[in-house]
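This briefing goes through a single protein chain by topic. Please look over the sequence and the structure before reading the points below.

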Amino acid sequence: MIQSFDRAMAIATALSSDEHRKWWTINDLAKECQLPVSTIYRLLYTLMKHGLVEQDAATKQYTLGIKWMEFGLRVLDRIDYRKVIKPMIEELAREVNESVYFSQPSGLESIVVERVDSQHNIRIYDQLGLRIPMHIGAANKVVLAHMPLEEARQTVVQLVGEEQMPAFMEKLQEIRAAGHAVSFAERTENTASVAAPVIDYNQKVIGALSIGFVTYDLKEERLQYLIERVKDVAHKTSQRLGGLSKA
C-alpha cells in the first residue's frame, strides 16, 4: 500500500514538474518515474478514477486532474495568515536584531497586526493595532505600489490630493520596480524602515513586512543588508501563502 502511494505520488510529481509541459505519454512517465509501463498504466487508471489524472481521448496522453486544484484551494482557504507570518518575522528579527512588523491595509490606513521587538536598548516601538495613513511609511508605500493601479490611485488622491498625486504615483512605480520601499523619518526623527510586499494565493498584496531601526551611525552596507533580508523573507512568506512561484 505504501509503495503504491509512493509510486502514485511520483507520477503526480512528474506531471507537475515542468510548467511548460502539460501532457505526458505513458512511456515518458515510465522513464521519468523509472517504473515499468504496466505499473504506470495501473496507477494512472486508479488516479483517473479519483479525478487526480486526466487523459486526452485523442492523443492518449495524461495530465493532472482538477481534483488537485480543489484540494489546494481548500487548504489555502484554511490558511491563517498570521500563523504563517509570525514565525517568519520572528526569524527575521533574530537575524537582523531589529524590530520587525507585519501590517495590513484597511481603507485609507494600515494596521500593525504583528510585531517582534528588537533587543536594542534604543529601538522603534510601534504598538499592535496602530493605524498609520497609507501614504506614510515604507510598508504602506510598498503595499500601494503593488495594488491594482486604479485602487492605488483612488487611495492616494484622497490622502495627498490631486496636485501631489502625479509625483506620488511616480514614486510608487519606482517602488514597484525595485520590489521594496525605504522610508526615513516620516513619523519619528532619527528612524527609518525598509519594507517589502506579501502576496497571497490570489496574487493580491495583503500587507507588508517591514524592519524599523534607528539611523544613528547607519552605514550604506547595513541599509542594503536590511533591504535584502526583508525582501527575501517577504518573498518566502508569499511563497508559503501560495502567492509566488518558487522558481
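Helices (H or I, at least four residues) and strands (E, at least two) are DSSP runs, numbered from the N terminus. By that naming, leucine 226 sits in helix H8. The model is a predicted one.

**Domains and annotation**

- According to an unreviewed UniProt entry, residues 2-66 carry the annotation "domain: HTH iclR-type".
- That span, residues 2-66, is 54% helix and 9% strand, and its end C-alpha atoms lie 24 Å apart.

**Helix pairs**

- Two packed helices are described by the angle between their axes and the distance between the axes.
- Helix H1 (residues 2-15) and helix H3 (residues 37-49) have axes that come within 10 Å and cross at roughly 85°.
- Angles of 65 to 115 degrees count as roughly perpendicular, so H1 and H3 are roughly perpendicular to each other.
- On the H1 side, this contact is made by Ser4, Arg7, Ala8 and Ile11; on the H3 side, it is made by Thr39, Ile40, Leu43, Leu44 and Leu47.
- Helix H6 (residues 138-145) packs against helix H7 (residues 149-178) at an angle of about 85°, with the axes 9 Å apart.
- H6 and H7 are therefore also described as roughly perpendicular to each other.
- H6 contributes Lys141, Val142, Leu144 and Ala145 to the contact, while H7 contributes Ala152, Thr155, Val156, Phe168, Leu172, Ile175 and Arg176.

**Nonpolar cores**

- In soluble globular proteins, nonpolar side chains tend to be buried together.
- The largest nonpolar core here has 26 residues, and Val194, Leu209 and Ile211 touch the most other members.
- Elements giving two or more residues to this core are helix H5 (81-96), E3, strand E4 (109-116), strand E7 (191-199), strand E8 (205-214) and helix H8 (220-240).
- H5 supplies the largest share of this core, seven residues.
- Apart from neighbours within four places in sequence, valine 194 is in contact with Ala138, Ala181, Val182, Leu209, Ser210, Ile211, Phe213, Leu223, Leu226, Ile227 and Val230.
- A second, separate core of 21 residues includes Val143, Met147, Met165 and Phe168.

- With neighbours within four places in sequence left aside, leucine 226 is in contact with Val96, Glu98, Val194, Ile211 and Phe213.
- The C-alpha atoms of leucine 226 and valine 142 are separated by 15 Å, and these residues are 84 residues apart along the chain.
- Serine 103 belongs to strand E3 (residues 99-106).
- Serine 103 is buried, at a relative accessible area of 6%.

**Loop residues with positive phi**

- Most residues other than glycine have a negative phi.
- Glutamine 203, in the loop between E7 and E8, has a positive phi near 60°.
- Exposed means over 50% relative accessible area, so glutamine 203 counts as exposed at 51%.
- Aspartate 217 lies in the loop between E8 and H8, and its phi is positive as well, about 60°.
- At 69% relative accessibility, aspartate 217 counts as exposed.

**The segment after H8**

- Which residues does glycine 243 contact, leaving aside its neighbours within four places in sequence? The contacts are Ile199, Asp200, Tyr201, Gln203 and Ser238.
- Glycine 243 lies in the segment after H8 and counts as buried, at 2% relative accessibility.
- Along the chain, glycine 243 and phenylalanine 5 are 238 residues apart, and their C-alpha atoms are separated by 28 Å.

Technical notes:
Residues numbered from 1 in each chain as written. Predicted model: local features only at pLDDT ≥ 70, side-chain atom pairs only at ≥ 80, totals over all residues. Heavy atoms only, no water. UniProt positions renumbered as here; feature names shortened; annotations may be inferred. Buried < 20%, exposed > 50% of the residue type's maximum accessible area, 1.4 Å probe, protein only. Core = buried A, V, L, I, M, F, W, Y, C linked by side-chain atoms within 4.5 Å. Contact = heavy atoms within 4.5 Å. Axes fitted to C-alpha atoms, helices over the stretch in contact; angles between N-to-C directions. Parallel < 35°, antiparallel > 145°, perpendicular 65-115°, else oblique.
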